[in-house]
Amino acid sequence: MDYNYKEICSKIENEGYCLIDKFWDDTTDAEIDKFYENSLKPLIKKTSIDKFGNRNFSVADDEIKNNPFKSIKNSEHFQNLITNILKINNIKISKKLDIHNIIAFQKNELNKNINISSNLHFDAFYLTIIIPIKKTKNTLPGRGGSLILYPNIRGLASNSIFNYTIKLFTQNFIFRKIIRNQFLKKYLNYKVVSSKEKKLLIFYGYKSLHGNEAILDKNYKVHSIFHIYNPHKDSIIDKWIFKRNANIRKNKLI
Ligand SMILES: [Fe+2]
């Protein structure tokens, strides 16, 4: 698979995201299927449904065995893809590039018809790549957990404190209500994007305010999400948040 990295970056810059073809073969796809059946599905019975009828859980990196996304992460294609995108964005990588992989399972099981979308946020990592593992086909708009995107509305913060100040002002109830205004949506190039089978969905998670539409009608989606390059990796706040998130994941699987 030969990617045109410049074209990918200009698409992400102009349209807010880019969908590219997968680079792995059918053998890896079969491994992903096996991983879903043998490693992810058995975890379902360890989890519970929340008051809205949703079942959500996730596992990250080495928290699950036989994860085929580990070899995808270490493959030459993937490493070339991410380093070239970062290079074009003038990001110099001195040490080993930090990549955080999350496998997220979301399903609506009781049709309570309560529309709960995931909260809008900026990622800690610059680049986000989503690969679908399994999902409901042909869902009605607003009911299948599609990605909601206000692309590239902030730049890199000069330090962690400044980063969290922006997060504090934007990741709250009032701001989330204001930004749903139709005029602001148009002005900020608001998008709803669906992941596609056999495609990688790429966007700048750090710069883009994003969340997910609700999952309703017994729909489900299982995604592998790569987060790449945390500019504030060594900050105390980031380390604390990572620990807290790991505990949240662990507590959902009891
Ligand atoms: Fe995110």
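Which residues have the most contacts inside the largest nonpolar core? They are Y17, F125, Y126, L127, I129, I202 and I228, in a core of 33 residues. The structure is a predicted model, in which local features need pLDDT of at least 70 and side-chain atom pairs count only at pLDDT 80 or more, while totals for chains, interfaces and linings use all residues. Residues are numbered from 1 along each chain as its sequence is written. Helices (H or I, at least four residues) and strands (E, at least two) are DSSP runs, numbered from the N terminus.

**The nonpolar core**

- A nonpolar core is a set of buried Ala, Val, Leu, Ile, Met, Phe, Trp, Tyr and Cys residues joined through C-beta atoms within 7 Å.
- A residue is buried if 20 or more other C-beta atoms lie within 10 Å of its own, exposed if 12 or fewer, and partly exposed in between, with C-beta atoms placed from the backbone.

- Six strands, in the order β1-β8-β5-β10-β3-β2, make up an open sheet with antiparallel pairing; two strands pair if DSSP finds at least two bridges between them.
- β1 (18-21) and β2 (54-60) are the edge strands, and each pairs on one side only.
- On average, neighbouring strands of this sheet are turned by 25 degrees against each other, direction ignored; axes are lines fitted to C-alpha atoms, for helices over the stretch in contact, and angles run from 0 to 180 degrees between N-to-C directions.
- Within this sheet, β5 is mostly covered, as 7 of its 9 residues are buried.
- β5 is joined to β10 by 8 bridges and to β8 by 3 bridges, and both pairs run antiparallel.
- P132 has H223 in β10 as its bridge partner, and I129 stands opposite I202 in β8.
- Not counting residues up to four places away in sequence, I129 touches L200, L201, I202 and F226; contact requires C-beta atoms, placed from the backbone, within 7 Å.

**The helices**

- Helix α2 (residues 26-40) lies across β3 (99-108), β5 and β10, and runs at about 75 degrees to β5.
- α4 has 13 residues and reaches 18 Å from its first C-alpha to its last, close to the 18 Å expected at 1.5 Å a residue; the expected span is 1.5 Å times one less than the number of residues.
- F78, L81, I82 and I85 are the buried residues of α4.
- Seen down the axis of α4, these residues fall within an arc of 85 degrees, so they line one face of the helix; the arc is that of the directions from the helix axis to the C-beta atoms.
- The partners against which the buried residues of α4 pack are α1, α3, β5 and β10.

- Another open sheet has 4 strands in the order β4-β9-β6-β7, with antiparallel pairing.
- β4 (118-121) and β7 (191-193) stand at the edges with a single partner strand each, so one side of each is left without a neighbour in the sheet.
- The twist from one strand to the next averages 20 degrees.
- Strand β6 (residues 147-150) is joined to β7 by 3 bridges, and L149 has K191 in β7 as its bridge partner.

**Y3**

- Y3 is found in the segment before α1 (5-15) and counts as partly exposed because it has 17 C-beta neighbours inside 10 Å.
- I8, I20 and L81 are touched by Y3, not counting residues up to four places away in sequence.

Technical notes. Contact = placed C-beta atoms within 7 Å.
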